[in-house]
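Please open the model in your viewer and keep the sequence panel beside it. The stops below are meant to be selected one after another.

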Amino acid sequence: MSLPPLVAPADRLSGAEAARTARHAALYPLGEIGQRRLRAAHVAIVGAGGLGSPAVLALAAAGVGRITVIDDDVVEHSNLQRQVIHRVRDVDAPKVDSAVRAAADLAPECTVAAVARRLTADNATEVLSGADLVLDGTDSFDTRLLVAAACESLGVPLVWGVVQEFHAQVTVFWSAPPAGTTATRLSDLYPAGSAGDLPSCADVGVLGALVMHVGSIMATQAILLITGIGEPLVGRIALVDALRGTTREVPLTGSSGRPGAASPEPVEIRAADLIPDTMLLIDVRAAGERERSGVTGAMALPLSEILRDPRAAAERISERAAGRDIVTVCAAGVRSARATAVLAREGLRTRSLAGGIAASNALGSADPAGDRAGA
């Protein structure tokens, strides 16, 4: 549903701004007043990497008046595959410098504040204070927790996106949304302890074009929230599958603020504690991955199927488990952690293999002709 605009409109646009954003003025229901809201807005972007880069470009071009970019890292050659505000000449230079230059080249009226600091529990709220909303483009879950906690404290919406390999998720967390809208938080998607040690882009790879696509989706969410148009992803998660060329959504129910909510049970299992012969393993990878490297005896149930109908998936797994402990597995532990969180909402207790198949000698390089039930 539509939400009230976050930002009151600026009094006027300069002649140059009006000319540059003329296609927005003609766009219903954005229009000229929406453009003035963008002009008055202050957006904080945490991370000037793969997701932050297209967000900086899109929001500056859209006419956002003030952008704060927070990143303490420098540009590396391997960043250039997906972090599109940087150039070869920027290698070894601060990433925030590229953000300032890119925004100025597109929209001289946009003020970009470069913050070359690492966010900590002590400074995150201070650094993000004053922003109308925050975009999280970081690649460390510890930093994501800090950003989410700061946004909850400030009561501002957090546009959140994550990309691994060929898959992505985008949503909006908001601890203090307008009346009639249910609050959602990062802990509703990833209960405490459920994320584990997430692999980096260097560990599992990432499709550069997908990162740019997701960063643009995040910028669009910011525009919808600032101007009060459309239906932002509050209470919904967009799931992007680049290999299949699809974008779907699943609901996200706020639960972390409910009185009496139970503390989550352990949701991970270490590779050293894995006993495949006494457990039901659920391989949540896509079919193509299983064909290349299977897990003997595992029940094949792709994450996409679990997300499409969590209740049916939980019922099928329960029937197959016959009282055995259930462990979800994937390549690096990211998708299995997501599956575990989704299945928990259906009352099914599973644990995710921390670090995925790559971390487990117990699974090794098994026969790909393992149990295909549920594929």
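The tour goes from the sheet to the cores, then to a helix, a loop residue and the cysteines.

This is a predicted model, in which local features need pLDDT of at least 70 and side-chain atom pairs count only at pLDDT 80 or more, while totals for chains, interfaces and linings use all residues. Residues are numbered from 1 along each chain as its sequence is written, and side-chain values use heavy atoms, with hydrogens and water left out.

Begin with the strands, which, like the helices, are DSSP runs numbered from the N terminus (strands: E, at least two residues; helices: H or I, at least four). An open sheet of mixed pairing is formed by 8 strands in the order 3-2-1-4-5-6-7-8, where two strands pair if DSSP finds at least two bridges between them. Select 111–115 and 246–251 to see the edge strands, strand 3 and strand 8, each of which pairs on one side only. Now select residues 42–46 and 66–70: strand 1 and strand 2 pair here in the parallel sense over 5 bridges, and Ala 44 stands opposite Thr 68 in strand 2.

Next, show Leu 59, Ile 67 and Leu 135, which touch the most other members of the largest nonpolar core, a set of 47 residues. Such a core consists of buried Ala, Val, Leu, Ile, Met, Phe, Trp, Tyr and Cys residues joined through side-chain atoms within 4.5 Å, and buried means under 20% relative accessible area (1.4 Å probe, protein chains only). Helix 10 (residues 208–227) gives the most to this core, with 10 residues. Around Leu 135, with residues up to four places away in sequence not counted, the residues touched include Val 43, Ala 44, Leu 59 and Met 218, contact being heavy atoms within 4.5 Å. A second, separate core of 45 residues includes Val 156 and Leu 303.

Just after helix 10, Gly 228 takes a positive phi of about 75°.

In the loop between strand 2 and helix 5 (95–106), select Gln 83, which counts as buried because its relative accessibility is 4%. Leaving aside neighbours within four places in sequence, Gln 83 is in contact with Ala 48, Gly 49, Gly 50, Ser 53 and Lys 95.

Finally, select the cysteines: Cys 110 counts as buried at 8% relative accessibility, and Cys 330 is buried with a relative accessible area of 1%. A search of the whole structure finds 0 disulfides, a disulfide being a pair of cysteine sulfur atoms within 2.5 Å.

Key: Buried < 20%, exposed > 50% of the residue type's maximum accessible area, 1.4 Å probe, protein only.
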